[in-house]
Amino acid sequence: MIVLEGKELEISYGERTIVRDLDIEIEKGEVYTIIGPNGCGKSTLLKGLSRCKKLDKGEIYLSSNNINKYNSKEVAKKVAILPQIRNVPGDIKVKTIVGYGRYPHLGIRNHLEEKDIKTVEWAMKKTGVIELKDREIGTLSGGEGQRVWIAMALAQKTDILILDEPTTFLDISHQLEVLELVKELNKELGITIIMVLHDLNLAARYSSRIIVMKDGQIVVEGIPDEVFKENVLEKVFGIRASIMHDEIHNCPFFIPINKNNKKIAV
Ligand SMILES: Nc1ncnc2c1ncn2[C@@H]1O[C@H](COP(=O)(O)OP(=O)(O)OP(=O)(O)O)[C@@H](O)[C@H]1O
Ligand SMILES: [Mg+2]
């Protein structure tokens, strides 16, 4: 079942068109990762899909209904987005930030009720940040902070979760921790995930489907084995690579090769 669909999308900043003539279909229960070079329009596409950025052309459908039928609170009850750039003053408490996730569910008094506080606690427990709830966000490590942001998106209680680079600035152990959490949210709660990652090997390992973008368009979409091909990586990233098979996780992985055909460290 398609839960989110974009048709003939065009998105610009001023005169500059970033996303052009792009069609995308998101199936329920899958984990999608968008990969592509810096500046190719990944974040712009995610902002457009979650209606955080206006489209120049095209239509977006949420569970087959045109997204324009919904007001912003209704959209936020269905799709949560964790943007790439998250600026808040460092002295805001963790529990307050996670509480922001409840915003679309609040009544006209904009006040967290008992059930909202329970959901906030649930989200903090699920992401392992409950012990940090009274800490100020500015005092947390990168990995802790990242989990707090995911808790905020989780508290929104949506069926679709969009995560723009949830692993940036994290060491490998914390990258794995965040991606294991994403996997658990997908498996246990059935949340459909759309994320952006730059590490192609982690993308191959943690995604059921990969969307490859270049110059504001989708080059190819499919299961990791279909997408991770030498010619695709050459076309999109301009690199030569050897594609191998990861026996442990049963997914492809790649090793970039330099011009002299010598293998270089990943
Ligand atoms: N607010 C903005 N105003 C003007 N141009 C913008 C704005 N945001 C992004 N752009 C431009 O749009 C293009 C696409 O940006 P976008 O952030 O979507 O890329 P991206 O694929 O997410 O890149 P990255 O991998 O570096 O995050 C870039 O050239 C960028 O400079
Ligand atoms: Mg981006």
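## Basis of the model

Because the model is predicted, local features need pLDDT of at least 70 and side-chain atom pairs count only at pLDDT 80 or more, whereas totals for chains, interfaces and linings use all residues. Residues are numbered from 1 along each chain as its sequence is written, ligands are numbered from 1 in the order in which they are written, and side-chain values use heavy atoms, with hydrogens and water left out.

## The shell around ligand 1

Ligand 1 is surrounded by 14 residues, the closest being Arg-16, Gly-39, Lys-42, Ser-43 and Thr-44, where a residue counts as near if one of its heavy atoms lies within 4 Å of the molecule. Strand S2 (16-27) and helix H1 each supply at least two residues of this shell, and H1 gives the most, with three; helices (H or I, at least four residues) and strands (E, at least two) are DSSP runs, numbered from the N terminus.

A polar contact is a pair of N or O atoms within 3.5 Å. An oxygen atom of ligand 1 lies 3.0 Å from a side-chain N or O atom of Gln-84, and an oxygen atom of the ligand is 3.4 Å from such an atom of Glu-165.

## Ser-50

Ser-50 belongs to the loop between helix H1 (42-49) and strand S4 (57-62). With a relative accessible area of 7%, Ser-50 is buried, a word that means under 20% (1.4 Å probe, protein chains only). Beyond its neighbours within four places in sequence, Ser-50 is in contact (heavy atoms within 4.5 Å) with Val-75, Val-79, Ile-81 and Ile-162.

Key:
Buried means under 20% relative accessible area, exposed over 50%, partly exposed in between (1.4 Å probe, protein chains only). A polar contact is a pair of N or O atoms within 3.5 Å; within protein, one must be able to donate a hydrogen and the other to accept it, and residues adjacent in sequence count only if both atoms are side-chain atoms.
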